[in-house]
Amino acid sequence: MYIFNKVTVVPQLPKSINRLNEIANNLWWSWNTEFLRLFKMIDRDLWEQTKNPIKFLKIVSQEKIEEVSQNDSFLQEYNRMVKNFDSYMNSSDTWFDKNYPNNKEDLIAYFSAEYGLDEIIPIYSGRIRYFVRGPLEVC
């Protein structure tokens, strides 16, 4: 049998939690792991299986998403995480801003095949897979 096309159905995030996807696709969560607790709150078993926010959001049930979008304690935690994320992304007190004030719109990516960024992000040698946009700190 010849498979001509593939259809993938991805759960739709309600407006009240629509930024989950944006933050999951930013590496901010890899050093701010508090954000990952939101996924446990949505579906603990699925989170334990995937431990990957991007994959999780592609396969979580719409029913679970709808349920937490109405849960006050989840929404309170979600809003706190979004506020933390926005504060980080809009920060002007970074090493880069201090040293390169005229380059605020530059995008910077750093990739190394020698080590992974986080245990749940596989290493793709020779293939750029994840991007970070926003203030970066040099440690």
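## Overall picture

Of the 139 residues in the protein chain, 33% count as buried (under 20% relative accessible area, with a 1.4 Å probe and protein chains only). This is a predicted model, in which local features need pLDDT of at least 70 and side-chain atom pairs count only at pLDDT 80 or more, while totals for chains, interfaces and linings use all residues. Residues are numbered from 1 along each chain as its sequence is written, and side-chain values use heavy atoms, leaving out hydrogens and water.

## Fold and surface

The protein chain has seven helices and zero strands, the helices being DSSP runs of H or I with at least four residues and strands runs of E with at least two. Among its contacts (heavy atoms within 4.5 Å) between residues at least 6 apart in sequence, 66% join residues at least 24 apart.

## A look at Asn52

Asn52 sits in the loop between α3 (44-50) and α4 (53-59). Because its relative accessibility is 13%, Asn52 counts as buried. A polar atom of the Asn52 side chain lies 3.0 Å from the backbone nitrogen of Ile54.

## Confidence

Mean pLDDT (the predictor's confidence in each residue, from 0 to 100) is 82 for the protein chain, and 76% of its residues reach 70 or more.

Methods:
Buried means under 20% relative accessible area, exposed over 50%, partly exposed in between (1.4 Å probe, protein chains only). A polar contact is a pair of N or O atoms within 3.5 Å; within protein, one must be able to donate a hydrogen and the other to accept it, and residues adjacent in sequence count only if both atoms are side-chain atoms.
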